[in-house]
Amino acid sequence: MVRHTATSVVTIERFIIEQENLHPEATGQLSGILYDLALAAKMIANKVRSAGLADILGSAGTENVQGETQQKLDIIANEIIVKAMDHGGRLCAMASEESEEIIPIPDHFKQGKYVLLFDPLDGSSNIDVNVPVGTIFSVVQRVTSGGHCTMEDMLQPGHRQVAAGYVIYGSSTMLVYTTGQGAHGFTLDPSIGEFLLSHPDIRIPEHGRYLSVNDAYEQHWTEPVRALMRRYRGLDGKREAMNVRYVGSMVADFHRNLLGGGIFAYPPNAKNPGGKLRVLYECNPLSFICEQAGGAAFDGSERMLDLVPTALHQRTAIYVGSKCDVEIAREMLG
Ligand code: P6P
């Protein structure tokens, strides 16, 4: 891999090409998907930045497949991604948190060999209070041949991902992605409208500083989960106490832990007995990135990326972050 010095100005487009050149067999289709996603991210960032002024805060008055009230920006972000991605000829279908069914590629566009699964704006209930939100995406190669993509192409375990990433719309807009050759972060320079390499080859500290969990559900947790959280808090004397940092926006909590070291935990609770976060377009992409950065991800019984999904919007428990802290979860829950 080409090594960049701190002073070199490396755009995401240049970096994508350099990564593609590491694979002589690459056709450029995956690079094209990443380019188009970077464009969509800039467009969404523009909308998120001005949400408070352009009367696009608040609810759209509709519900998504999860029965959650859709925020206006959710729908706008969803449409931006679908329109940016549907004509490039690299995809055979998409799936979104905002759409109950598979989103087919219209017949008048060329069909590609990849599938894109995404959450257009995760944590969107935080928009109105200016808490960072994010876009999460996952790319897998279709497993069926010919014709339209089917659910079989969608329901693949996370270790089949060929790329994954997220965009965090925070104090700055950052895009972090992996194609299996490490995890790399790019910061949007709004003065030139380019994502520039700012965090090459991200490594998550082996021991976490931060514990991200919503302990309002403590009374619903099983005793092993309660014991695990006591361990993370240093209450059983077997581990240094972690600082609790929980924003309620998975991308924001995950990103802080990825850079600073920590664990994001969402155990099953009475409201979400199977866990709350979605396998295909939240847990799998973030787990792929975390493993590529030297971390780990566990779903309460196995490696997150080995879970074989059976439904498009399937939810799961998740413990993702610093390797040693996920190992503790595996020991105490597995
Ligand atoms: P709770 C946002 O709604 C979200 O999907 C994630 O971004 C976030 O981590 C989680 O739900 C917060 O859930 O139950 O703690 O409010």
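These legends describe close-up views of one predicted protein model.

Residues are numbered from 1 along each chain as its sequence is written. The model is predicted, so local features need pLDDT of at least 70 and side-chain atom pairs count only at pLDDT 80 or more, while totals for chains, interfaces and linings use all residues; side-chain values use heavy atoms, with hydrogens and water left out.

**View 1. The whole protein chain.** The chain holds 8 helices and 17 strands. Helices (H or I, at least four residues) and strands (E, at least two) are DSSP runs, numbered from the N terminus. The radius of gyration is 19 Å, close to the 20 Å that the globule rule gives for 334 residues, so the chain is as compact as a globular protein of that length. That radius is taken over C-alpha atoms, and the globule rule is 2.2 Å times the number of residues to the power 0.38. Along the principal axes, the C-alpha atoms fill a box of roughly 60 × 50 × 45 Å.

View 2. Of the 334 residues, 55% are buried. Buried means under 20% relative accessible area, exposed means over 50%, and partly exposed lies in between (1.4 Å probe, protein chains only). The accessible surface of the chain comes to about 13700 Å². Carbon and sulfur atoms own 52% of that surface. Areas come from the Shrake-Rupley method with a 1.4 Å probe; for residues, only the protein chains shown count as cover. There are 29 positive and 39 negative side chains, and the centres of the two sets lie 4 Å apart. Lys and Arg count as positive, Asp and Glu as negative; His and the chain ends are not counted. Each charge is placed at NZ of Lys, CZ of Arg, CG of Asp or CD of Glu.

**View 3. The two domains.** The chain divides into domain 1 (12-199) and domain 2 (210-333). These bounds come from an automatic or database domain assignment. The C-alpha centres of the two domains lie 23 Å apart. Across the boundary, 47 residues of domain 1 are in contact with 33 residues of domain 2. Contact means heavy atoms within 4.5 Å. Over the whole chain, take the contacts with a separation of 6 or more: residues 24 or more positions apart account for 63% of them.

**View 4. Helix α1 and its packing partners.** Helix α1 covers residues 12-20. Its buried residues are I12, F15, I16, E18, Q19 and E20. They pack against helix α2 (29-49). They also pack against the strands β8 (173-178), β9 (183-189) and β10 (194-199). S31 lies in α2 and counts as buried, at 6% relative accessibility. Leaving aside neighbours within four places in sequence, S31 is in contact with I16 and E20.

**View 5. Q29 in helix α2.** Q29 also belongs to α2. This residue is buried, with a relative accessible area of 18%. Q29 and G112 are 83 residues apart in sequence, yet their C-alpha atoms are 8.1 Å apart in space. Not counting residues up to four places away in sequence, Q29 touches G89, R90, G112, K113 and Y114.

**View 6. The loop between β5 and β6.** Phi of N130 is near 60°, a positive value in a residue other than glycine. N130 is exposed, with a relative accessible area of 72%. G123 sits in the loop between β5 and β6 too, but G123 counts as buried at 14% relative accessibility. G123 and S249 are 126 residues apart in sequence and 4.6 Å apart in space, C-alpha to C-alpha. Beyond four places in sequence, G123 touches V133 and S249.

**View 7. D201 between β10 and β11.** D201 is placed in the loop between β10 and β11 (210-212). Its phi is near 50°, a positive value in a residue other than glycine. D201 is partly exposed, with a relative accessible area of 28%.

**View 8. Helix α5 and its surroundings.** Helix α5 covers residues 223-232. V225, A227, L228, M229, R231 and Y232 are buried in this helix. These buried residues pack against the strands β11, β13 (262-266) and β17 (318-321). Helix α8 (323-333) is also among their packing partners. G234 follows α5, with a positive phi near 75°.
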